[in-house]
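Dear colleague,

Please find below the structure that I am handing over to you. My notes on what was found in it follow directly after.

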Amino acid sequence: MTASLIRALATAASCLLAEGASAADVLSPMTPEAQQTTTDTGWTFSFAPYFWAAGLSGDIAQFGLPAADVDASFSDIFDHLNFGAMAIGEARYGPYSIFADVMYTKISGSSGTPRGILAEDVEVSSETFAGLLGVGYAVFEDNAMRLDIVGGMRVWSVDTDLSFSGGILDGVSRSDGDTWVDALAGFRGTYSFTPEIYLTGWGLVGAGQADLDWDVAAAIGYRFSDTVSAVAGYRALGVDYSNDGFLFDVVQQGPILGLVVKF
């Protein structure tokens with residue numbers, strides 16, 4: 001297995017997958033309304049899984065190897081995907097909101113070394129987690145539009161395992177990874193053209209342990225009924241983090257598609 005493939009697998013797990021955002025009334029674009037309830041106290045809760053078909057490009061370095069350029073399409077990543085789970089949830093009271101966005105992926109792959117001398121087979125397994133917890137306040141809201149100013153913290157975690165079998169390195173295993181936290185701030189908003197058609201999007205930027213962390217998206221949605229809507233758009237997310245030989249400087253971007261059901 002080449003060094004570039006190892007690095008690609010080690011970080012491709014941070015890619016994925018699209019957004020489902022709905023708009024019955026003016027809804028948060030960070031909160032696809034797959035399930036929503038309102039309590040007697042005035043709190044509104046919503047939860048939704050989502051899918052993002054993103055590719056990955058950038059520079060990666062792990063296991064003490066030199067940085068390598070990675071440029072993988074979503075189909076390349078999907079071929080190695082074992083598991084992926086993403087969901088967004090929100091609690092809202094009047095103009096105030098608390099929201100979370102969680103992404104977890106696990107990918108793996110295997111290959112041999114040249115002529116099988118070092119190892120007949122090399123297994124690579126990588127797990128990536130990105131979780132955002134934030135708060136928001138609606139600075140403008142009417143029957144057609146809502147604009148929130150938001151701030152939050154995003155936790156990243158990347159863990160990669162290498163296992164060798166056969167050859168000189170038979171039985172050797174190695175692990176590498178890192179965890180870091182960034183602060184982000186920005187805006188999110190929704191605008192309804194008609195009761196059926198709406199735009200939704202957000203823009204967040206920040207830093208912390210990473211030099212730069214950002215996330216932008218825009219989508220158009222259509223409500224088929226009070227319970228079912230669909231969205232289509234585009235999302236891009238980037239992070240630039242390095243620490244003691246570990247480098248994760250990537251941009252993930254791709255189309256978003258979603259079918260949202262309200263209960």
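**A buried aspartate and its surroundings**

Aspartate 213 counts as buried because its relative accessibility is 0%; buried means under 20% relative accessible area, with a 1.4 Å probe and protein chains only. The model is predicted, so local features need pLDDT of at least 70 and side-chain atom pairs count only at pLDDT 80 or more, while totals for chains, interfaces and linings use all residues. Residues are numbered from 1 along each chain as its sequence is written, and side-chain values use heavy atoms, with hydrogens and water left out.

Aspartate 213 is placed in strand E11 (residues 212–223); strands are DSSP runs of at least two residues, numbered from the N terminus. Its side chain makes polar contacts with the side chains of arginine 154 (3.0 Å) and tryptophan 156 (2.9 Å). A polar contact is a pair of N or O atoms within 3.5 Å; within protein, one must be able to donate a hydrogen and the other to accept it, and residues adjacent in sequence count only if both atoms are side-chain atoms.

Tryptophan 156 and tryptophan 180 are both buried. Their rings form a stacked aromatic pair, 6.0 Å centre to centre with 10 degrees between the planes; six-membered Trp rings pair if their centres lie within 6.5 Å, and planes under 30 degrees apart count as stacked. Because tryptophan 156 lies in strand E8 and tryptophan 180 in strand E9 (residues 173–192), the pair ties together parts that are 24 residues apart in sequence. Ring pairs also link Trp156 and Trp180 with Tyr241, Phe246 and Phe248 into a cluster.

Yours sincerely

How values were computed:
Helices (H or I, at least four residues) and strands (E, at least two) are DSSP runs, numbered from the N terminus. Buried means under 20% relative accessible area, exposed over 50%, partly exposed in between (1.4 Å probe, protein chains only). Rings of Phe, Tyr and Trp (its six-membered ring) pair if their centres lie within 6.5 Å; planes under 30 degrees apart count as stacked, over 60 as edge-to-face and the rest as tilted.
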